[in-house]
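This briefing looks at how the chains of the model meet, taking one interface after the other.

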Protein chains: 4
Amino acid sequence: MTASPFTIDIQLRWGDMDSLAHVNNVQFARLLEEARVRAWHVWFSDSGAEDSPTLPILVARQEIEFVAPLYYGVEPVRIEMWVPRIGTKSFDYGYRIATHDGQIAALAETTCTVIDPSSGRPAAIPEGSRAILEDYAGDEVPFRRRR
Amino acid sequence: MTASPFTIDIQLRWGDMDSLAHVNNVQFARLLEEARVRAWHVWFSDSGAEDSPTLPILVARQEIEFVAPLYYGVEPVRIEMWVPRIGTKSFDYGYRIATHDGQIAALAETTCTVIDPSSGRPAAIPEGSRAILEDYAGDEVPFRRRR
Amino acid sequence: MTASPFTIDIQLRWGDMDSLAHVNNVQFARLLEEARVRAWHVWFSDSGAEDSPTLPILVARQEIEFVAPLYYGVEPVRIEMWVPRIGTKSFDYGYRIATHDGQIAALAETTCTVIDPSSGRPAAIPEGSRAILEDYAGDEVPFRRRR
Amino acid sequence: MTASPFTIDIQLRWGDMDSLAHVNNVQFARLLEEARVRAWHVWFSDSGAEDSPTLPILVARQEIEFVAPLYYGVEPVRIEMWVPRIGTKSFDYGYRIATHDGQIAALAETTCTVIDPSSGRPAAIPEGSRAILEDYAGDEVPFRRRR
């Protein structure tokens, strides 16, 4: 992780469970998506930047390691997020999903590619966005099972 | 891939799209889950095995590389599946998701761990299941962006 | 119902089940949405109309009566659809959702309001669309539990 | 409504939006489900009852009237809930879904049937559960478009 990752709490939904009564693996990706959207909203606001908080990105790659079953409850999960890599046209988010009492349920990494909205082609990360991402720079995601 | 991967057609749903009017990245994981369930159903039936087709597994890891945007349409997507790795207590599924006219939308890999239902602990892949998996053995998933 | 309702087959997904191992009530609404999209696609094509098949509508009301539990299987569900009411600016879809062997799982009705895309306000049903809807006119949905 | 309905705040998710950039009508049913689960959790705890908070029910009917489009935001929606009807073996929940600044987005009603878990057949509402429901008794849902 990093010294002080950004943390965000996301409510679970009963419907996130599958017929095995676990939070379904697909819904972990839904939680990560929600964390990205809400983190960016906070990060952008905190940056004092004045232009639009919308950075047009595509999810280029995502990897999730499921560490322990996650069960539905009324308490939110806590997602820690940081930025393990900032490239020219893409960057990675790292995440740790934990229960409200601190048990790690999953590690994950998402590679996001910045898109030029007019051409739909990859584009350089704008300087303002790069500065925001650098505030959250951190270590590689400590996957144990990566092939 | 492999010489002759298993292919399965899955209907898209209009609701798989997100507000960017693409099939949402989370729903790719839903399509992979459906492919696994349906593949196993076919693979088990084709094997002539008589016992239950339920192999108790947990998804331990999943990686998806998004190659091109996928748009909703009434034609199903075609998912090619194979088995790039068979270990002692776990194995990997490889996938290629393509549009009905053959454009690749994503590559993916899922690591599944076999579970002993009585203990909830990882267990050896049963011999009957191993034989089924071996029928679909194939190459590593040709990810281009793996870190 | 009606003499000859329109029928459409929709694949279930394993993930449609909730932790009670039934197809979740929320996912019935997802199946209805998919039936509407696919029905309109077919109805419009069959009509010989040349302009866009997109009728801009909002779902104004929906009522679902759950008749019997629906279980996941690899066979699709069959949805029968018809049009019990055509008003000036809105119309109703009626549906019967059945298992592939004919057991009724649900009855439903959706009120759709046609929208003028430029103003966002309700608008008269265009004549071409009205003619399509009239081809599928049918009886009221035979709800048993309506209050 | 009722003099003082129970209120519960539910986080929206970016993925609740559909390709029209509204919270999708299907996801309203997901929000209602979550409100039911969380309300029952609170209601049961507040009742001082000591036995299990699980009342085995099936959703028998649901009606939603969509009053105004709902847009995603980081603020939760507020759902007001009450109990417009308590019968022998079934009861109704009424709901009002509003944005965090008080704009009504939908009205809804769910008929729940209590189930005997051993037989799967409808059963009388247990006295403890009936007492809880009576604490939240309220008026009929003021649908404007009911047919």
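Predicted model: local features only at pLDDT ≥ 70, side-chain atom pairs only at ≥ 80, totals over all residues.

Residues count as being in contact when they have heavy atoms within 4.5 Å of each other, and on that basis 100% of the interface residues of chain A are also interface residues in chain B, so the copies meet through the same surface.

**Chain A and chain B: extent and symmetry**

- The contact brings together 25 residues of chain A and 25 residues of chain B, and the two chains bury about 2300 Å² between them, with 50% of that area lying on carbon and sulfur atoms.
- Chain A is superposed on chain B, with an RMSD of 0.0 Å, by a rotation of 180 degrees with 0.0 Å of shift along its axis, which is the relation of a two-fold axis.
- The residue of chain A that comes closest to this rotation axis is A:Glu63, whose C-alpha lies at 2.1 Å.

**Chain A and chain B: contacts and elements**

- Two salt bridges are counted between chain A and chain B; A:Arg61 forms a salt bridge with B:Glu63, in which the closest N and O atoms are 3.3 Å apart.
- Twelve residue pairs are in polar contact between chain A and chain B, with both residues at pLDDT 80 or more.
- On the side of chain A that touches chain B, two or more residues come from each of helix H1 (25-46), strand E2 (57-66) and strand E5 (104-114) of chain A, and the largest share, nine residues, is given by E2(A).
- By class, the residues on this side of chain A are seven nonpolar, six polar and twelve charged.
- E2(A) runs antiparallel to strand E2 (residues 57-66) of chain B and is joined to that strand by five bridges; within this pairing, A:Gln62 has B:Ile64 as its bridge partner in E2(B).

**Chain A and chain D: extent and symmetry**

- Here the contact takes 19 residues from chain A and 19 residues from chain D, while the area buried between these two chains is about 1800 Å², 45% of it on carbon and sulfur atoms.
- Of the area that chain A buries against chain D, 42% is supplied by A:Gln11, A:Arg13 and A:Arg38, which is more than any other three residues supply.

**Chain A and chain D: contacts and elements**

- Two salt bridges are found across the interface of chain A and chain D; in one pairing, the side chains of D:Arg13 and A:Asp16 meet in a salt bridge with an N to O distance of 2.8 Å.
- Across the interface of chain A and chain D there are 15 residue pairs in polar contact, again with both residues at pLDDT 80 or more.
- Strand E1 (6-10) and H1 of chain A each supply at least two residues of the side of chain A that touches chain D, and H1(A) provides the largest share, eight residues.
- The side of chain A that touches chain D is made up, by class, of seven nonpolar, five polar and seven charged residues.

Technical notes
Residues numbered from 1 in each chain as written. Chains lettered and ligands numbered in written order. Heavy atoms only, no water. Buried area = accessible area lost by both parts, 1.4 Å probe. Salt bridge = Lys/Arg side-chain N within 4 Å of Asp/Glu carboxyl O. Polar contact = N/O pair within 3.5 Å; in protein donor to acceptor, adjacent residues only side chain to side chain. Helix = DSSP H or I, 4+ residues; strand = E, 2+ residues; numbered from the N terminus. Nonpolar A, V, L, I, M, F, W, Y, C, P; charged D, E, K, R; others polar. Pairing = 2+ DSSP bridges. Least-squares fit on C-alpha atoms with pLDDT ≥ 70 in both.
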